[in-house]
Amino acid sequence: MLDVEHDHEREGAGGGRFAERAVGERSKVAAGPSVPVGVPDPELAQGPKRRRFTAEYKQRILREIEACTRPGEIGALLRREGLYSSLISEWRKQQDAGALAGLERPRGRPAPNPLAAENARLRSRAERAEAELSKARRVIEVQGNVSALLGELLEPRGATGSTER
């Protein structure tokens, strides 16, 4: 849909100015300087990135918080470090649970045991081999039955005593 703009006040003075553009489209003057294609906007971050804190950093911050005595000092410390109070609560729980060991525990799922993966791979391989062995035994059994059946069919029927060809 096209949005037609008429500026009657400027038509007389500006020599008939008439603009026709799509709805939502800005004029080039209002859009500001153009950014070359393929160049990232320097004011935008590339993407969110999870911050990771070492156990030593966590302990240092907890010690600094414990040293705060005046009102507002903890808030100033948190603002200075870019931290949230919920992080401090979590770090305190970790510290109470096991000091440095609790603070060093990485977030997320634990790494899988390589022996468990190898064990699962070998189990599936053994199951496939057993299935193939069972199939081969059935084939051998069927071949034996076919051989016995052909032997009965190809035997001469009754002994007539004459050997004519």
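This is a predicted model: local features need pLDDT of at least 70, side-chain atom pairs count only at pLDDT 80 or more; totals for chains, interfaces and linings use all residues.
Q: Which residues make up the largest nonpolar core?
A: In soluble globular proteins, nonpolar side chains tend to be buried together. Here the largest nonpolar core has 10 residues in all: Tyr57, Ile61, Leu62, Ile65, Leu77, Leu78, Leu83, Leu87, Ile88 and Trp91. Helix 3 (55-67), helix 4 (73-81) and helix 5 (85-104) each give two or more residues to this core, and the largest share, 4 residues, comes from helix 3. Leucine 77 touches Ile61, Glu64 and Ile65, leaving aside residues up to four places away in sequence.

Q: Which residues form a nonpolar patch on the surface?
A: Such a patch consists of Val142, Val146, Leu149, Leu150, Leu153 and Leu154, which together have about 610 Å² of accessible area. Leucine 149 is placed in helix 6 (residues 114-154).

Q: How many salt bridges are there?
A: A salt bridge requires a side-chain nitrogen of Lys or Arg within 4 Å of a carboxyl oxygen of Asp or Glu. By this rule the count is 5. Arginine 60 pairs with glutamate 64, their closest N and O atoms being 2.7 Å apart; both lie in helix 3, 4 residues apart, about one turn of the helix.

Q: Which salt bridge links distant parts of the chain?
A: Glutamate 66 and arginine 92 meet in a salt bridge at 3.9 Å, N to O. Glutamate 66 lies in helix 3 and arginine 92 in helix 5, 26 residues apart. Glutamate 66 counts as exposed, at 58% relative accessibility, whereas arginine 92 is partly exposed, at 34%.

Q: Which residues are linked in a network of salt bridges?
A: The network links Arg60, Glu64, Arg80 and Glu81.

Note on methods. Residues are numbered from 1 along each chain as its sequence is written. Side-chain values use heavy atoms; hydrogens and water are left out. A nonpolar core is a set of buried Ala, Val, Leu, Ile, Met, Phe, Trp, Tyr and Cys residues joined through side-chain atoms within 4.5 Å. Buried means under 20% relative accessible area, exposed over 50%, partly exposed in between (1.4 Å probe, protein chains only). Contact means heavy atoms within 4.5 Å. Patches are made of residues with over 30% relative accessible area and no salt bridge: like charges are joined within 9 Å, nonpolar side chains (Val, Leu, Ile, Met, Phe, Trp, Tyr) within 5 Å. Accessible areas come from the Shrake-Rupley method with a 1.4 Å probe; for residues, only the protein chains shown count as cover.
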